[in-house]
Amino acid sequence: QVQLVESGGGLVQAGGSLRLSCAASGRTFSTYAMGWFRQAPGKEREFVAAISWSRGSTYYADSVKGRFTISRDKAKNTVYLQMNSLKPEDTAVYYCAAARAGWGPSDFDSWGQGTQVTVSS
C-alpha cells in the first residue's frame, strides 16, 4: 500500500497562486502514476491532473490546463500541484492519489486525506 500525506491547502484570492504537495511512502516502487482530484460541495469528485512516475508525462483536465502544473520529485517521493490564476470555481477539497496499473480513473487506489483550497472573489 501507498500512504499519501498532503499539505499546502489554504485560502487565496482570485488570480492568486497556491502550491500543493503530496509525500508518498510505503510501496512507492510499484507506483505507475500519481494524480490530483478535487470535489466541491454538492458535486462529484473530478480529475484534475496526473503524472507518470517514471517518465514524468503529464495529463490535465481541460478546466485547469494552462493554469495548473503537476510535477514530481522522484528522490523525495513527492508530487506537487502548482495552481496559478486561481478562480472561485477552483474551490474544493483536493485529493492526492496513486495508481499502480495505469492512470485511468479506475487505476487510482491509494488516496490522501484531502486538503481544502478556497478561492475568494
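Mentor: Happy to; here is a walk around Thr78 and its surroundings. Keep in mind that this is a predicted model.

Let's begin with the strand. Thr78 belongs to strand S8, which covers residues 78-83. Strand S7 (residues 68-73) runs antiparallel to S8, and 6 bridges join the two. Together S7 and S8 make a hairpin with 4 residues between them. In that turn, Asn77 has a positive phi of about 50°. Across from Thr78 in S8 stands Asp73.

Now the side chain. Is Thr78 buried or exposed? Its relative accessible area is 8%, so Thr78 counts as buried, the cut-off being under 20%. A polar atom of the Thr78 side chain lies 2.9 Å from the backbone oxygen of Lys76.

What else does Thr78 touch, leaving aside its neighbours within four places in sequence? Its contacts there are Cys22, Ala23, Trp53, Ser71, Arg72 and Asp73. Asp73, then, is both in contact with Thr78 and opposite it in the strand pairing.

Cys22 forms a disulfide with Cys96, with 2.1 Å between the sulfur atoms, and a search of the whole structure finds 1 disulfide. The link is left-handed, at -85° about the S-S bond. Because Cys22 lies in strand S3 (residues 18-26) and Cys96 in strand S9 (residues 92-99), the pair ties together parts that are 74 residues apart in sequence. Like Thr78, both Cys22 and Cys96 are buried.

Terms used. Residues numbered from 1 in each chain as written. Predicted model: local features only at pLDDT ≥ 70, side-chain atom pairs only at ≥ 80, totals over all residues. Heavy atoms only, no water. Buried < 20%, exposed > 50% of the residue type's maximum accessible area, 1.4 Å probe, protein only. Polar contact = N/O pair within 3.5 Å; in protein donor to acceptor, adjacent residues only side chain to side chain. Contact = heavy atoms within 4.5 Å. Disulfide = S-S within 2.5 Å. Pairing = 2+ DSSP bridges.
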